[in-house]
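Morning, everyone. I've got one chain to walk you through today, so let me put it on the screen.

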Amino acid sequence: MRNHDKTKKELINELAKLRQRIAELEVSETERKKAEEILRREKDWREQYLNIAGVMLVIVNADEKITMINKKGSEILGYKEKELIGKNWFDLLVPQRIRDEVKDVFHKLMAGDIRPVEYYENPLLTKDGEERLVAFHNTVIRGPNDQIVGVLFSAEDITERKKMEQQLEESRRHFETLFNFVADPVVIVSGKGKLLEVTDRVQEITGFKKEELVGKSFMKVKILTVKSKAIAIKNLAKRMMGMKIAPYEVEVLTKDGKKMPYEINAARIDYRGKPADMVVFRDITERKKIQEELQGTLKKLRGALGATIQAMALTVETRDAYTAGHQRRVTNLARAIATEMKLSKDQIDGIRTAGTIHDLGKIGVPAEILNKPVRLTDIEFNLIKIHPLVGYNILKQIEFPWPVAEIVLQHHERINGSGYPRGLSDGNILLEAKILGVADVVEAMASHRPYRPALGIDKALEEISQNKGVLYDPQVVDTCLKVFRKKRFKFE
């Protein structure tokens with residue numbers, strides 16, 4: 001009985017131990033699953049990191065075989081991952097001409113004879129045979145006993161970057177060649193006025209060496225006169241705001257103080273990644289000399305023209321003693337009206353010239369009619385009315401810088417079409433002729449004539465006032481009245 005009880009007790013103990021062991025196994029299995037899950041996650045994270053890395057990551061073992069390569073590496077080389085794993089790195093991907101050299105470095109690295117290379121560039125062959133230039137960083141991989149078992153290559157495809165760098169370098173060399181090839185002096189100026197570059201020609205002309213100019217503000221370097229610097233600063237600021245600037249003149253100073261006239265033409269450029277101005281200087285010494293000679297010649301021609309016009313005016317006045325001074329007085333009033341109307345200097349000069357000889361055509365009218373002391377018959381008046389056409393025919397062959405012949409022809413036209421010789425109406429009559437016409441009427445009425453005494457200024461102003469907008473241009477009449485009543489104009 002006791003033996004039976006003992007056996008029973010032993011069985012209970014054994015059962016308890018078994019249960020405890022089962023519990024321990026269950027805990028161990030749970031921990032194992034947890035560990036497997038952690039390892040799986042770490043593997044997933046590692047694979048994700050390898051695949052999203054922006055560079056090629058590849059491991060090559062001691063046998064020169066590829067044991068791991070990421071997605072980026074496969075893309076660069078043009079292979080699928082399974083086409084690369086287990087393949088010889090050097091035989092498949094390294095060009096023949098450098099293969100032995102690269103292998104030698106690899107094996108010295110594996111043997112620990114040399115340290116990993118921080119950075120170097122080598123070409124690799126893609127699947128289609130194209131060479132891609134790759135920048136490498138190497139790291140050795142060690143086993144449990146600290147023995148080197150492989151090399152991790154971190155690599156970046158720099159083919160396109162290198163091509164761009166080469167193109168930029170070629171562009172820079174071409175730019176420098178063209179920059180210094182230009183016959184005119186050229187400088188590059190920053191937005192703050194610093195001289196960034198100058199051509200050899202600048203040095204030749206100014207006498208300043210390149211190192212005396214580059215890096216310095218053109219305000220502090222004496223290559224422009226004070227006045228020219230002020231002009232240059234103003235235009236530089238305008239170009240910085242995007243405004244277009246026409247070529248302008250400056251005076252360049254040489255190192256020994258000599259002044260030379262130049263014309264500046266500038267354009268906004270991108271210089272080494274920043275906005276700047278390329279400024280071209282054009283020597284205008286000869287042009288200035290020619291301009292001065294032309295101005296002198298023009299002055300002489302204008303003098304000769306003025307003398308000729310005065311001679312014509314005197315010719316008319318010699319034949320018509322009663323109208324002596326009429327053309328001069330008409331001209332003075334016409335100029336005063338034109339000036340008050342703010343016409344251009346060129347228009348005023350044209351009015352002055354036309355006014356001085358506006359009655360030139362009267363040389364074609366018999367003197368006895370011009371000086372007749374009684375009112376003219378219709379036939380005689382019709383002879384008088386042809387004088388604008390006679391004057392026009394004389395003057396039309398002369399190349400004046402103004403429409404003198406046409407002004408003379410139209411000075412008796414009226415805006416309602418009642419004038420002569422063509423009966424022109426408002427829109428077809430030159431403004432200069434309208435002004436001359438009003439001045440002619442006012443002077444004629446205010447002055448003595450062979451057939452009547454002077455009517456006076458008041459009567460003359462009354463005439464143009466009453467016929468404003470009918471015979472005479474309203475603006476011209478208003479201005480004429482203002483000239484007399486507010487500006488106190490008087491005939492001399």
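This is a predicted model: local features need pLDDT of at least 70, side-chain atom pairs count only at pLDDT 80 or more; totals for chains, interfaces and linings use all residues.

**A charged patch to begin with**

Let's start on E292, which counts as exposed at 57% relative accessibility. Numbering runs from 1 along each chain as its sequence is written, and side-chain values use heavy atoms, leaving out hydrogens and water.

Back to E292, which sits in helix α10. Together with D283, E286 and E293, E292 forms a negative surface patch. Patch members have over 30% relative accessible area and no salt bridge; like charges are joined within 9 Å, and nonpolar side chains (Val, Leu, Ile, Met, Phe, Trp, Tyr) within 5 Å. Asp and Glu are the negatives, Lys and Arg the positives, with His and the chain ends not counted. Each charge is placed at NZ of Lys, CZ of Arg, CG of Asp or CD of Glu. Which helix gives the most to this patch? That's α10, residues 285-319, with three residues.

There's a nonpolar patch as well: I379, L383 and I386 make about 280 Å² of it. I379 belongs to helix α14, residues 378-384, and is exposed, with 66% relative accessible area.

**Zooming out**

How many helices and strands does the chain have? We get 19 helices and 10 strands, taken as DSSP runs numbered from the N terminus, H or I over at least four residues for helices and E over at least two for strands. Of the 492 residues, 38% count as buried. The accessible surface comes to about 29800 Å², and carbon and sulfur atoms hold 54% of that. Those areas are Shrake-Rupley with a 1.4 Å probe; for residues, only the protein chains shown count as cover. On contacts (heavy atoms within 4.5 Å), take those between residues at least 6 apart in sequence: 49% of them join residues at least 24 apart.

**Salt bridges**

Side chains of opposite charge can pair when their charged atoms come close. My cut-off for a salt bridge is a Lys or Arg side-chain nitrogen within 4 Å of an Asp or Glu carboxyl oxygen. The structure holds 26 of them.

Take E212 and K255, whose side chains meet at 3.0 Å, N to O. E212 is in helix α8 (residues 210-213) and K255 in the loop between β8 and β9, so this pair ties together parts 43 residues apart in sequence. E212 is partly exposed, at 26% relative accessible area. That β8-β9 loop, between 248-253 and 259-271, also holds G257, partly exposed at 47%. G257 and T206 are 51 residues apart in sequence, yet their C-alpha atoms are 9.2 Å apart.

Next, K434 and D473, at 3.6 Å, N to O. This pair links distant parts of the chain, with K434 in helix α17 and D473 in the loop between α18 (457-466) and α19, 39 residues apart. Buried or exposed? K434 is buried at 14%, and D473 counts as buried at 11%. K362 and D359 are another salt bridge, with their closest N and O atoms 3.5 Å apart, and both of those residues are buried.

E130, R132, D157 and E160 are linked in a network of salt bridges. R132 and L133 are touched by T159, leaving aside residues up to four places away in sequence. T159 is in helix α6, residues 159-181, and is buried at 7%. From T159 to E131 it's 28 residues along the chain and 8.8 Å between C-alpha atoms.

Most residues other than glycine have a negative phi, and most peptide bonds are trans. Which bond here is cis? Y420 to P421, with omega near 10 degrees; P421 is in the loop between α16 (404-410) and α17 (431-446).

Then two positive phi values in residues other than glycine. E64 has phi near 70 degrees, in the loop between β1 (56-61) and β2 (66-69), and is buried at 10%. R488 has phi near 60 degrees, in the segment after α19 (474-485), and is exposed at 64%.

That's my tour, thanks.

Note on methods: Buried means under 20% relative accessible area, exposed over 50%, partly exposed in between (1.4 Å probe, protein chains only).
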